[in-house]
Each structure stands twice: as C-alpha cells, then as structure tokens.
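Welcome! Have a look at the picture and try each task before reading on.

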Amino acid sequence: LTHHSPTEENFDNVCFDMAQDSHGIMYYAMKAGVLEFDGREWDLIPGAGAIYALNKGQSGDVYWVGAKGFGKIGYDRKGFKEIQYLSDSSVTDVFQTLAVGAQIYFLSENKIFLYTEGDVKGKAIIAGNGQGIFTGMFELFGAVYVQTERNTSFRIENNKLVYVNLNFSGNVIFYSRIND
C-alpha cells in the first residue's frame, strides 16, 4: 500500500474533478489551479481562479473550465505546463466541459461554447435560451444534449438548440461513456 500525498503548499481539501491524459498523468481540478501527479511527484499548474472540471479531448489534450473561463493545459516557451486560455477575459463561471470527437463543448449558466481541436480560440455558439439557465450537458450516441433548471432537454444541432423529449423526468447528474 502506497500513499501519494501532495506537499503542504500544493494541498487543498477541495477537488472538483480529475482526468488522466494519454501518458497516464493525473490532473485534479482545484481552487488554486490544476494539480498534476505523474506517479511520483505533485506539481501545481496555477490558475487565475478555481478550476471546476477537466476533460481529455480526442487529441489527448486536457481541457479545463473554471471561474475565469475555459482553456487547455499547454506548454510555455520553456516547456513547462501552463493554463492556456481558449476564451476571452469576459467569459466567467464555466462549469462543465464535454469532448465529442474533435469538438470540445464548454457550458456556463447562459452560454454554450465550442472549440474544435486545432483552432486558436473557442466561440460562443448559443447564448441564452427561453427555458431557464443551463444546468448540465451530456452526450448520447455522439449527440450533445443540454438541460435547464426547468428540466427541459435540448439537443445541439447545427449550433442551435432543438427541444427533445427524453422520456424521463429530472436532470442527468452523472454519465459515463462505455469505452471509458
């Protein structure tokens, strides 16, 4: 039995999410940024605010969302990992991310953003709706669905919301892909 604990300067008792990249490196979404663990060492990749969720894209990149927008974990000029922004400074409080193929979706209460791997920036594809604030997002058979505070479900088609009746009441709280 082995215990892997971060040092005191990297320790935080709140972990919002975790993800693993294609090299086996573990990432933890924390209030101070992203905590990285390679199996031996812990390293903090500092953020400008809390990081709420992480997701691995098709290319193997790890994407993040948080209090100050959304982006990915990349490398600086010296080869050290850093938080890179794919959103502009006006975007705040993004709380969920979802990867479907080469497209990465980011969700806030009133906007859905889309980033296609290889692009420079993400863009807002849906801003608000008449059914209330967004509460969650999930994927079924390659289609992306969002839900609202009024338990209404929509599918994203051609960057627009299309109402769907999924024949269940309530919101999807947790989902897992079969191949994951």
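Two strands pair if DSSP finds at least two bridges between them; strands (E, at least two residues) and helices (H or I, at least four) are DSSP runs, numbered from the N terminus. The model is predicted, so local features need pLDDT of at least 70 and side-chain atom pairs pLDDT 80 or more, while totals for chains, interfaces and linings use all residues. Residues are numbered from 1 along each chain as its sequence is written, and side-chain values use heavy atoms, without hydrogens and water.

**Exercise 1.** Find the partners of strand 2 and say how they are joined.

Solution. 
- Step 1: Begin with strand 1 (residues 15–20), which runs antiparallel to strand 2 and is joined to it by 5 bridges. Here Ala19 stands opposite Tyr27.
- Step 2: Look at the link. Strands 1 and 2 form a hairpin with 5 residues between them, and Gly24 in the turn has a positive phi of about 90°.
- Step 3: Move on to strand 3 (residues 33–37), which pairs with strand 2 in the antiparallel sense over 5 bridges. Gly33 is the bridge partner of Met30, and a hairpin through 2 residues joins these two strands.

**Exercise 2.** Work out the strand order of the open sheet of 4 strands.

Solution. 
- Step 1: The order is 13-14-15-16, with antiparallel pairing.
- Step 2: Strand 13 (134–140) and strand 16 (160–164) are the edges, each pairing on one side only.

**Exercise 3.** Describe the surroundings of Glu117.

Solution. 
- Step 1: Locate Glu117 in the loop between strand 11 (111–116) and strand 12 (123–127).
- Step 2: List contacts (heavy atoms within 4.5 Å). Beyond neighbours within four places in sequence, they include Gly57, Tyr63 and Ile104.
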